[in-house]
Amino acid sequence: MSDNDSNFGEIKIAFDNVYKKDVDNIPWTRREWLDDSKLPIFNYIQNQNLRPQSLLDYGTGTGHLAIAIKEQFDIPKIVAADITNNCIDREQLKYFGIDFIQALQPKDVSGKYDIILCWAVFHYLTKNQSIDFLTQFSKMLNKNGTLILSAWSSHDETFKGKCERISLNINLPMYSDRIPQDKKVLNRLGFNIVTKGNLVHNANGYKRLLHFCFLKQTNN
Ligand SMILES: C[S@@+](CC[C@H](N)C(=O)[O-])C[C@H]1O[C@@H](n2cnc3c(N)ncnc32)[C@H](O)[C@@H]1O
């Protein structure tokens with residue numbers, strides 16, 4: 001990987017600590033976040049008439065999106081991965097038949113998938129790391145597979161400098177302010193943008209903007 005991969009250790013420690021706090025105070029563990037996030041993902045799977053047999057939820061957090069997807073679409077193989085395992089109720093995931101892998105980067109997870117979801121994670125990556133993640137994901141997708149990405153915008157009032165402000169009171173790095181949409185990189189990796197958009201999420205009284213994008217891989 002690139003020169004930047006050495007900071008994954010730091011990021012892991014930061015997230016280990018985030019999830020040691022009162023989980024109800026973490027904006028993305030709440031019901032509203034799940035409901036807001038679910039909508040574009042469910043719509044996409046339904047509108048595209050997809051019948052995915054496998055899905056990786058990379059940067060799964062509490063695993064609530066993976067569970068919601070499992071309940072709605074009954075995908076036989078779902079794997080959830082995160083840099084920390086402090087956030088996960090493994091028993092609950094097991095109950096839904098979802099495997100959990102602790103991973104610093106996608107290549108730590110084995111297997112190939114029809115859908116890879118990486119929701120609200122890319123803003124923690126530097127530009128080089130983003131390209132590495134895209135490259136790794138492209139190798140993990142089945143032909144015609146879909147990669148779903150989202151990242152928080154830094155153009156809202158919840159970010160000041162490099163700090164994630166809302167209630168966490170912890171210095172989480174915040175690099176890219178949008179998901180990678182560099183056409184050259186996407187083309188090289190065989191990705192086409194099928195749809196993209198923004199979602200406004202209300203977090204602790206702040207309006208927070210999330211960019212998302214759905215990419216289809218055609219050359220695997
Ligand atoms: C904002 S949370 C989103 C969680 C979940 N996707 C959701 O929408 O509820 C970002 C998650 O990405 C994880 N994460 C950050 N960097 C990561 C990395 N390099 N590899 C795996 N997970 C990572 C964090 O631990 C955290 O759980």
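Start by selecting the shell around the ligand: by class, 13 of its residues are nonpolar, 6 polar and 1 charged (nonpolar means Ala, Val, Leu, Ile, Met, Phe, Trp, Tyr, Cys and Pro; charged means Asp, Glu, Lys and Arg; the others, Gly among them, are polar). You're looking at a predicted model, where local features need pLDDT of at least 70, side-chain atom pairs count only at pLDDT 80 or more, and totals for chains, interfaces and linings use all residues. Residues are numbered from 1 along each chain as its sequence is written.

Stay with the ligand. The residues surrounding it number 20, and the closest are F15, G59, G61, I83 and A120 (a residue is near if its C-beta atom, placed from the backbone, lies within 6 Å). Now colour helix α1, residues 8-18: with 3 residues, α1 gives the most to this shell (helices are DSSP runs of H or I, at least four residues, and strands are runs of E, at least two, numbered from the N terminus).

Next, select T60. Find this residue in the loop between β1 (54-58) and α3. Is T60 buried or exposed? T60 is buried, because 26 other C-beta atoms lie within 10 Å (20 or more counts as buried, 12 or fewer as exposed, in between as partly exposed, with C-beta atoms placed from the backbone). Draw a distance to D82: the two C-alpha atoms are 5.6 Å apart, though 22 residues separate T60 and D82 along the chain. Leaving aside neighbours within four places in sequence, T60 is in contact with L65, A66, A80, A81 and D82 (contact means C-beta atoms, placed from the backbone, within 7 Å).

How values were computed. Two residues are in contact if their C-beta atoms, placed from the backbone, lie within 7 Å.
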